[in-house]
Amino acid sequence: MIKVLHIYNNLDVAGAQTVIMNYLRYLKGDNEIEISLLINGLPKNTAYELECQEQGYSLIYSGFQAWKGIWGVRAIVNWFKCQWYVFREIKRLKPDVIHTHGTDNLLYFSLPILFAGVKGHIHTL
């Protein structure tokens, strides 16, 4: 079985999220792929979040909001906490492949992915 972890800032109804949702709908019921989604933020109960929950996909929320509206020392502390949280989740889930989308996620999560030892990291813009 292949384990895939997708890391996004949100599951709002938007371009990249729609591509992921179509991908998840297509793979529904495939027992050879285990898919988890790590959302860097808080639950918003969007249509896509609710659909993922209905389909039984694992949604994990970091509780962090990246750099949005936070500056100075608080931003640095928030960044370290988020890095540590994502690192622990990656180690817990043990994915074979991680997919990140967007420049902010590439910059924000490259270190935890690297230190967690995941061999496959796919990034899209």
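Author: A term to start with: two strands pair if DSSP finds at least two bridges between them. Strands (E, at least two residues) and helices (H or I, at least four) are DSSP runs, numbered from the N terminus. This is a predicted model: local features need pLDDT of at least 70, side-chain atom pairs count only at pLDDT 80 or more, and totals for chains, interfaces and linings use all residues. Residues are numbered from 1 along each chain as its sequence is written, and side-chain values use heavy atoms, with hydrogens and water left out.

Reader: OK. How many bridges pair E2 and E3, and in what sense?
Author: Four bridges, in the parallel sense.

Reader: What does the chain pass through from E2 to E3?
Author: Helix H2, residues 47–55. That β-α-β crossover is right-handed. The term means that, with the strands pointing away from the viewer, the path from the first strand over the helix to the second runs clockwise.

Reader: Which order do the sheet strands take?
Author: E3-E2-E1-E4-E5, an open sheet of five strands with parallel pairing. E3 (58–61) and E5 (120–124) are the edge strands, each pairing on one side only. From one strand to the next, the twist averages 20 degrees. Such angles run from 0 to 180 degrees between N-to-C directions, with axes as lines fitted to C-alpha atoms, for helices over the stretch in contact.

Reader: What joins E1 to E2?
Author: Seven bridges, and the two strands run parallel. Ile-7 has Leu-38 in E2 as its bridge partner.

Reader: How many bridges join E1 to E4?
Author: Four, again with parallel strands. There, Leu-5 is partnered by Ile-98 in E4.

Reader: And over how many bridges do E4 and E5 pair?
Author: Five, in the parallel sense. Val-97 stands opposite Gly-120 in E5. With H4, these two strands make a right-handed β-α-β unit.

Reader: Where does H4 lie?
Author: Across E1, E4 and E5. H4 covers residues 103–116 and runs at about 150 degrees to E4.

Reader: New topic. How many cavities of 30 Å³ or more are there?
Author: One. A cavity is a set of points on a 1 Å grid over the protein atoms alone, where a 1.4 Å probe fits but cannot get out. Grid points are joined across faces, edges and corners, and a volume is the space filled by probe spheres set on the points.

Reader: How much space lies in the largest cavity?
Author: About 40 Å³.

Reader: Which residues line it?
Author: Lys-3, Val-4, Leu-5, Glu-34, Ser-36, Leu-93 and Pro-95. Lining residues have an atom within 4 Å of a point. E1 (2–8) and E2 (33–39) are the elements that give two or more residues to this lining. E1 gives the most, with three.

Methods:
1 Å grid on protein atoms, 1.4 Å probe; cavity = no way out; pocket = protein on both sides within 12 Å on 5 of 7 lines; lining within 4 Å. Contact = heavy atoms within 4.5 Å.
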